[in-house]
Amino acid sequence: MWTTTGVPVWRRLSRGKDLDPERCKTVFQAARRPHHCRVGKESSMTPRKKLEGLVAATVTPMTPDGQINLTVIHQYVEYLVSEQNVKNVFVNGTTGEGLSLSIQERKQLAEEWICQGKNKLDHVIIHVGALSLPESQELARHAASIGASGIAVIAPFFFKPTNKDELIAFLQKVASEAPAVPFYYYHIPHLTGVKIHVEELLDGIKKQIPTFQGVKFSDTDLLDLAQCINKNESEQFAFLYGVDEQLLSALAIGANGAVGSTFNYLGRKTNLMLQAFAKPDLALAQKYQFLTVEFLSFVIKLGFGVAQTKAVMTFVSGIPMGPPRLPLVSASEEFIIKAKAKLDSIVWPDGD
Ligand SMILES: CC(=O)N[C@H](C=O)[C@@H](O)[C@H](O)[C@H](O)CO
Ligand SMILES: CC(=O)C(=O)O
C-alpha cells in the first residue's frame, strides 16, 4: 500500500504521531479491509464501563484454505452491535480457536478487533493464555500495547498446576506484563482439566494480582460460583458465566453477565432474557432460557462444538466464517440443514 508520493501508507500515517511505523505497517499489510484503522494506546476502549451483560466469544473467521480472514471482522462488529445488540467481545478464546492459532495470528486478530471495535464496542477482552509462559506474557504485553480493555488467561493444561499457589504464580507472571489492564481468570475445567475451585483461587488474589478484575466461569458448578460471589461482595469483581444453556441460574445467584459462543447469534434473544430477569419477569426469562435450551440440546445431540458454531454463525449472519482448523473439522451439510430448520422453527416470545 503506497501513496502517490511513493511513501508507504504506514510511514505517512505514523509520521508526526506517536505511532510505531512497523506496527502501522503490520496493521496495514495485514488487511485489504474496507475500513482502515490504527492500533495503539490511543485507540483503547476507554472510557470503560464495568464489564457486564453479554460478551460474545468470537469465532475466528477463516478462508476456505484455512488462513485467518481479517477482512470480515469489520462486518462482524457491525453485525454484533446492530443485529445482536452485543457490544462486548472475547477474542481468541475457546470459540476463537485461540490455542490453535500462531502467536502472530493471535496478535493480528487482537489488533483487528480493537481497530474495528473502536467507538463501536464497549469492551474487547483478549484471551492471552498459552502453554508457554513467555508466549502468554508476550501476548499480554501486546494486548496492553494496543489498548485491550481486558486480558483473560486459562490455566495451562498440558503440564498442569496442581494447586492454587502454582496456578496463581502462573497467572501473576502473565498479569504483571500488563500492569494497567484488567485481568480475568478463565475457568473452563472440562477443557483444561484444572479443577481448582475458583472460590479457593480468589481468596486474597488481589494481593498477588492487583489488576484482578473477575472470572469467566465456564463450569456447571454453581455452588462454587455462589461461594465466589458471596465471599467477594466487597470487591468490584465481574463474574461472567460461560454455560449459556443455564445462564438464568447463574444470574439468579448473582452473575454480572456472560461470555459465550451463542451470543454471536442468539445475543438479541438472550438480551431479552436478561431484561426480563431484571424487571423481574421470571416466567418470561424462563421462556427465553427454555427456548435457547431447546435449540442447544437439539444441536448438542447432533454433535456441537466450535466447528458447528462457525456454521451456525455463517448461516444466521451471512458472514462467511469458514472452516475450523484441524483437529476440528467442518460441520456436515446434514448438521447445517437440521440446525437451521430447528432455529427457524422456534417461536420466540417477542414474536420472531
Ligand atoms: C466449551 C465452550 O465453548 N463453552 C462456551 C463458553 O465457555 C459456551 O458458550 C458454549 O459454547 C455454549 O454454552 C454452548 O454449549
Ligand atoms: C465461550 C468462551 O468464552 C470462549 O469461547 O472462550
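Helices (H or I, at least four residues) and strands (E, at least two) are DSSP runs numbered from the N terminus.

Before going on, a word about what you're looking at: this is a predicted model, in which local features need pLDDT of at least 70, side-chain atom pairs count only at pLDDT 80 or more, and totals for chains, interfaces and linings use all residues. Residues are numbered from 1 along each chain as its sequence is written, while chains are lettered from A and ligands numbered from 1 in the order in which they are written.

Back to H6. Leu167, Ile168, Leu171, Val174 and Ala175 are buried. They cover an arc of only 125 degrees around the axis, so they sit on the same side of H6; the arc is taken from the directions between helix axis and C-beta atoms. (Buried is 20 or more other C-beta atoms within 10 Å of a residue's own, exposed is 12 or fewer, partly exposed is in between, with C-beta atoms placed from the backbone.) The cover over the buried residues includes helices H5 (133-145), H8 (198-202) and H9 (205-208), plus strands S4 (150-154) and S5 (183-187).

Now for the annotated spot. An unreviewed UniProt entry puts "binding site" at Thr95 and Val259. They span 165 residues in sequence, yet no two of their C-alpha atoms are more than 10.5 Å apart, so they gather at one spot. Such annotations, given in the numbering used here with shortened feature names, may be inferred rather than shown by experiment.

Thr95 lies in the loop between strand S2 (88-91) and helix H4 (103-117), and is buried because 24 other C-beta atoms lie within 10 Å. Val259 belongs to strand S8 (residues 257-260) and is buried too, with 30 such atoms within 10 Å.

Both residues turn up around ligand 2, alongside others including Ala57, Lys216 and Ser261. Near means a C-beta atom, placed from the backbone, within 6 Å of the molecule. As for ligand 1, 13 residues surround it, the closest being Ser218, Gly242, Asp244, Gly260 and Ser261.

Methods. Contact = placed C-beta atoms within 7 Å.
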